[in-house]
Structures are given as structure tokens and as C-alpha cells.
Amino acid sequence: MIRRNRLIGVILIVAVATALTAGARAELQVDITRGHLQPLPIAITDFHGEGPREQEAGRDIASVVAADLERSGLFKPIDKRAFLQDVSSLQVQPRFNDWRVVNAQALVNGAITVQPDGRLKVEFRLWDVFAETQMAGLQYRTQRENWRRVAHIIADAIYKRITGEEGYFDTRIVYVAESGPASRRIKRLAIMDQDGANHRFLTDGRALVLTPRFSRTAQEITYLSYFNNTPRVYLFNIETGRQEVLGSFQGMTFAPRFAPNGNAVLMSYAENGNSDIYTMDLRTRKSKRLSSHPAIDTSPSFSPDAKRIVFNSDRGGSQQLYAMNADGSNVQRISFGQGRYATPVWSPRGDLIAFTKQFGGRFFIGVMRPDGSGERLLSESFLEEGPTWAPNGRVLMFFRQEPTDKDGGGGGASLYTVDLTGHNLRRVVTPGFASDPAWSSLIP
Amino acid sequence: MRLKIVSLLAALLLVGACATDPEETGGQTGTGASTGATGAGGAVAVEPGTIQDFIVNVGDRVFFDFDKATLSAKAQETLDKQAAWLTRVSGATILVEGHCDERGTREYNLALGERRATAVKDYLASKGIAASRIKTISYGKERPAVLGSNEWAWSQNRRGVSTITGGAKS
């Protein structure tokens, strides 16, 4: 594994974010808070290059940028075969009329040159076709093998310039890859880019593993492993491959999740059959009990300011969501709707809590405000759970499981994403069955 | 005839054992022995004090209601027989597995499975079995005994399974 800081090798050279607002014309923008909208038609041209290697990289980068933007549901990349202006003349100046004819509202072009040291220089420009202005222009230098990250960074820049929100394309997913019969699933930790590329397995499947979560820097994962038939919370360092058990608890520890600053892990510890919430300081390795109740307390998640913890408990008779201060004081029930509520996850923006709900024999993914008001259900099926937020707090990923028949057929789980609006439900492509996804922050 | 049945059961158990993941030997015995549970009603002649005897003549598992960890009268009856067996085979140690059906979220089910396993352990301890002989583990919804997304399968999967981990006659 290449070291993170070298992998980044992406050096921002120029940032020419010029918004030359010409005349009275409103600037091109997409309001992503609206319930349902027409995706913005965008022309993403192959990045220009002099030689065949540059041209190949230029095509690859353009296709990754287009795929990222298309999956967001906010953009509709236009078929390249409709383009009138060629890539070389576009480098000189866009002929905006040619792009209006193909109904493009935004235009992306770029160029790739190989540097004397072998690295790639990648430039791109984003244009407002109707205002005939440049909206953004950026330049990056990187090792050739990092071309996908550059493409995701460019897609994030375009997304941010047009929506006003941070992007989420330069991110990774850690999840549980499932194989084998339903009675005895083999589960392995796997990691991949947000678009499914660079997929690799982190564990070999000999020990059952569940519920991985990223640290803030996406460099570490905390998860549950049944190594030696002893279920405990572990830390996994992605760079070194080192795995270590967290603490020396006498019983099962589970449901881990990092604190926002990455210096602590929240988890449940089952002592004499009763699960309560603990926090462990990763520097001192000291643990502290936060909840003390004969009910099941589990699935804790910090607010982004680390002041509150939301969790699920059956202390009121059935599973509901509760929030407490970071020291365990001031516990308040926040969910009051019909059904059972579980797996609360605080949005990185702090404004919402995502959850799994069970009601009427069905499972739902939904969101509510931190005070429990404004519940909205975004997705429903036979069995789905475990929402995880994109770092911009606009998209949720979760997994769905199909019913199993008595011969063991079916029962496969897959990852899905859905927008906060409840629209744009999409299956995330994985090599096999997949569950327990966790979405990283933007890669630093 | 009698020998045949014994060897058939042994063969079934062996099949279960073959599928055993080397990392999780303790967990497999209970799951693989679901064939044995079916025969729990009829007393089959197997050698007393063996694991087969425990599974076939005593019954290795109890069942729970949805989202509950309370022991029904029937479950207590089974556990009384387990306690009597464990009193007779005084060197035996057990691992109690707590399991759930798939109709719950993963983390909550891990906690619920732990609660179920502990309910079984506490009951056996109350019948005089030393707590040091009983270990517990929760598998949540990870190891269903019966496949299928229907009420019957779910009722079979909400279970506590006592697995003999040592001290039985071989």
C-alpha cells in the first residue's frame, strides 16, 4: 500500500475559480435541496492530450468524472457522439453555440501532459454555456497511477461549484463482503473507492467480521471480529495491515464507532448479558462506562461536535432512539413514532440523524432531526438497515437483504445509496453480496 | 439396528464437523447438530454421557419469542433436563450460544443473543451447575439454524443452544 501522503501526490497548482458573472444573467446552479429535479445536462469532453498515452488517460478521466456526476442524480452527461466541437479547438476557446445546440448547460474540458519526471499534469475548466463564462479552472500534478483520484477530485470540484455543497466522490467505502451458504456466511472486510474501483479484501474470511467503521482520516477501521470465537472490537490500520483488539473486556464488545476527532471509540460491552455503552480513549486505552441500565443500549454515534451521543435502547419496552451528553448524562428519548428504531447515525452536518425503522413487518431507512421531529422515510424493503452518510450529509448508503427461501436460495445482501430527498435510489456494484457499509470522509 | 442408528448419527455429526471453520470450532457444533434436534422427542438409544446423548435425549436448544429472552415453561423443562445431565456428567463444560431471527438490526441482535445465552446460563446455574462450567457467546442473526424468511424458520432461529465443549464421553 502506498503511503497516504504520497498517494495524494496531487498538488494544487492553480486555483482559478473565476466567476465572471456577465450581465444580468443568473449564474448556473443546481439547488440540491429540492425534492425532485431535472438533472443538469453537462457536456464532459475527453481531456486533450498530444500523444496516445495522454489521450487514453484523458478519456479515462473524463469517463470517471462523468460517471461520478451521473450517479449523483443531479447531472446528466450528454452522449459524446453528439458533440460538434473537437477537443483540440476546444482547448483554444469553446464555441458556445455548438454546445447550446446539443443542449449542454455546463461544459467541462481539460488537458493532460506528461511532465519530465513522468508525472501527469491534469488541467480542467468548467464553463457556463449560456453565460459563456468560465466557472472554474484547476490544475493538478500526480503520479500516473493516481489518475482515478484526480478524476474524483475534479468531479468534486464541479459538484461543489454548481451545487454550492461539498462533493463526496473522492471517498472510499469499507463493507462486509459475503459469500457461502446462508447458514454459514463467510464474511470478509473489503474496501473500495466510492465508485467500486480499487476493490480489495482486508481479511481472509476465517473469522466472522461485522460492522466496520472508518476513522475521521479513513486510515483506520474499527470493527467486530469473532477471531478465536471471541467477539471483540478491533482496530485495523489500513496502511500497515495491523489488527489489534481494543481493551481486555471479559465479555463481548460490539457496535464500535469512532469519535469525530478519531481519538476515541464508542462501543457496547455486554457484561453478564447486559449491553451498555462505553467509550475508550485510544491514546490512554482507558475505557469509561457511559450508560448503566438493565436494558440493551447499543449502536452509539457521536454528534459531529462530540457533545451528544445518540444510541438505541429498549429501556422503554421496545427499541427506540435516545440521546445523551458525551459523559452519559441528560438522557432523552428522541423517537416517538410507531415501530422500532435502531442504528442511529448522526449526519456529518449535525442537522439530522439517520436510522433503521421496523414497522408492519417491513424495514425502512429514514432521517429525523436531533430532537426527534421531522421524521422522513427514504427507503423501504423486506429487510434493510445500517445507514451511513456521505461526508456532505446529502446521500445515505445502506444495505438490503433479499428474503431467503427454505433451500437457502436468495438471502443475498447488496449496498444501495439514496439521496436525502428520497430520490435517486441506486444499487452499488460489488463483486459479491455486500452488507454493513461505512462511507469515509473526503480522503485527506 | 442399534449400532446402525448410532453410526448414522455419528456420521451426521461428522458431516457437521467437516464444515467446521477452524477459527470457530465452538460455534459449529450447535449449528451442525440441527439434525440431532429433530430427534430430540424420541428417546434413541445412544450411549449415556456422550454428546450425542445430550443432543438426542436431552435436547440441546430452547426457543424464544420475538425480541424476548424469557424462558417459556417448555424451555425450562428442557433446561431442567440439561441441568440433570450436567449434574450426572460432572466433568462436562458447555458453551451456550444465543441466536436471533433475521427480523432485527445486526447490533441489537448481538445484544439480544447475549441476553438469551445469559438467560440459559443463569437458569442452569440456578439449578446448581457451576457458572464456571458455562460460557456464553452471541451470534446475533449470523448463524441461522433453519433457512427461510418465514415464521417457522424465524421461530427455530430464536434459540439458545447448549454445546458441550469438553468432559463428555467420546
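A salt bridge here is a side-chain nitrogen of Lys or Arg within 4 Å of a carboxyl oxygen of Asp or Glu. The model is predicted, with local features needing pLDDT of at least 70 and side-chain atom pairs pLDDT 80 or more, while totals for chains, interfaces and linings use all residues. Residues count from 1 along each chain as written, chains are lettered from A in the order written, and side-chain values use heavy atoms, without hydrogens or water.

**Exercise 1.** Work out how many salt bridges cross the interface of chain A and chain B, and how the contact is made up.

*Solution.* Start with contact (heavy atoms within 4.5 Å): 55 residues of chain A touch 34 of chain B. Next, apply the salt-bridge rule, and you get six across the interface. One to look at is Glu142(B) with Lys187(A), whose closest N and O atoms sit 2.7 Å apart. Finally, sort the chain A side by class: 21 nonpolar, 20 polar and 14 charged. In that scheme Ala, Val, Leu, Ile, Met, Phe, Trp, Tyr, Cys and Pro are nonpolar, Asp, Glu, Lys and Arg charged, and the others, Gly among them, polar.

**Exercise 2.** Find which residues lie nearest the centre of the largest pocket, and describe its lining.

*Solution.* First, the residues: Phe214(A), Phe258(A), Trp346(A), Pro348(A) and Trp439(A) lie nearest the centre, out of 25 lining residues. Then the classes: the lining splits into 15 nonpolar, seven polar and three charged. A pocket, by the way, is an open set of 1 Å grid points over the protein atoms alone where a 1.4 Å probe fits, with protein on both sides within 12 Å along at least five of seven lines; lining residues have an atom within 4 Å of a point.
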